[in-house]
Amino acid sequence: MNKAFVKESDGDDDDEAAALALAIPPGSKNYITPAGYQRIKDELLQLIDVERPEVVRIVHWAASNGDRSENGDYIYGKRRLREIDRRIRFLTKRMDLAAVVDPSVHHGSDQIYFGATVTYCDQHGQERTITIVGIDELDPLNGKISWVAPVARALTKAREGDVITFHAPHGVDELEVLAVSYPAPAAD
């Protein structure tokens with residue numbers, strides 16, 4: 001059956017809306033560091049100014065070659081153009097929802113807030129260092145966890161030397177905050 005006669009969504013917009021709704025807690029802002037915001041902005045500008053015009057040029061050239069139904073450059077170019085447009089919409093929505101928070105305003109503080117780099121020890125003596133960042137900056141392999149992560153929420157507002165109770169999936173754990181640091185303010 002021809003797809004024109006069937007009301008089916010390709011699910012792209014639904015997937016994006018679900019990702020936005022699941023990632024950011026209801027009633028919360030999309031907190032992000034200035035570096036994270038700049039990275040999103042750079043990616044968006046790269047897509048708009050470089051990648052999209054190049055793909056449009058290729059699709060235009062491929063379309064001028066004739067039969068589009070068997071033209072690989074045209075078919076894959078159109079697909080890539082849809083992917084780029086979807087990513088542009090996603091990044092634009094993320095930037096619109098973003099609340100840029102500069103963690104350097106807490107430089108010298110021993111209390112944990114957004115942007116803090118925290119070293120803590122669990123009850124088994126295992127030491128970990130994490131940095132609390134925005135949802136879009138998440139990189140667990142490099143110790144960057146989202147501010148909505150359970151451990152980040154448990155540590156928030158604790159101070160250096162505090163022992164907090166953390167309800168982990170495997171049970172209750174006690175975490176001792178060993179060190180808290182923030183990036184130094186940029187020199188103007």
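Predicted model: local features only at pLDDT ≥ 70, side-chain atom pairs only at ≥ 80, totals over all residues.
Is arginine 57 buried, partly exposed or exposed?

**View 1**
Welcome to the salt bridges: a search of the whole structure finds eight of them. In this view, arginine 87 pairs with glutamate 43, and their closest N and O atoms are 2.8 Å apart. The pair links distant parts of the chain, with arginine 87 in helix 3 (residues 72–97) and glutamate 43 in helix 2 (residues 34–63), 44 residues apart. Arginine 87 counts as partly exposed because its relative accessibility is 33%. Glutamate 43, at 30% relative accessibility, counts as partly exposed too.

Now for the opening question: arginine 57 is partly exposed, because its relative accessible area is 49%, and partly exposed residues fall between the 20% limit for buried and the 50% limit for exposed.

**View 3**
Move over to helix 3 to find arginine 80 and glutamate 83, which are three residues apart, about one turn of the helix. They form a salt bridge in which the closest N and O atoms are 3.4 Å apart. Which residues are linked with this pair in a network of salt bridges? The network is made up of Glu51, Arg80 and Glu83. With a relative accessible area of 32%, arginine 80 is partly exposed. Glutamate 83 is partly exposed as well, with a relative accessible area of 33%.

**View 1. Lysine 157, a loop residue with a positive phi.**
The last stop is a loop. Where does lysine 157 lie? Look in the loop between helix 4 (150–155) and strand 6 (163–168). The phi of lysine 157 is near 75 degrees, a positive value in a residue other than glycine. That is worth a second look, because most residues other than glycine have a negative phi. Lysine 157 counts as exposed because its relative accessibility is 59%, and the cut-off for exposed is over 50%.

Note on methods. Residues numbered from 1 in each chain as written. Heavy atoms only, no water. Helix = DSSP H or I, 4+ residues; strand = E, 2+ residues; numbered from the N terminus. Buried < 20%, exposed > 50% of the residue type's maximum accessible area, 1.4 Å probe, protein only. Salt bridge = Lys/Arg side-chain N within 4 Å of Asp/Glu carboxyl O.
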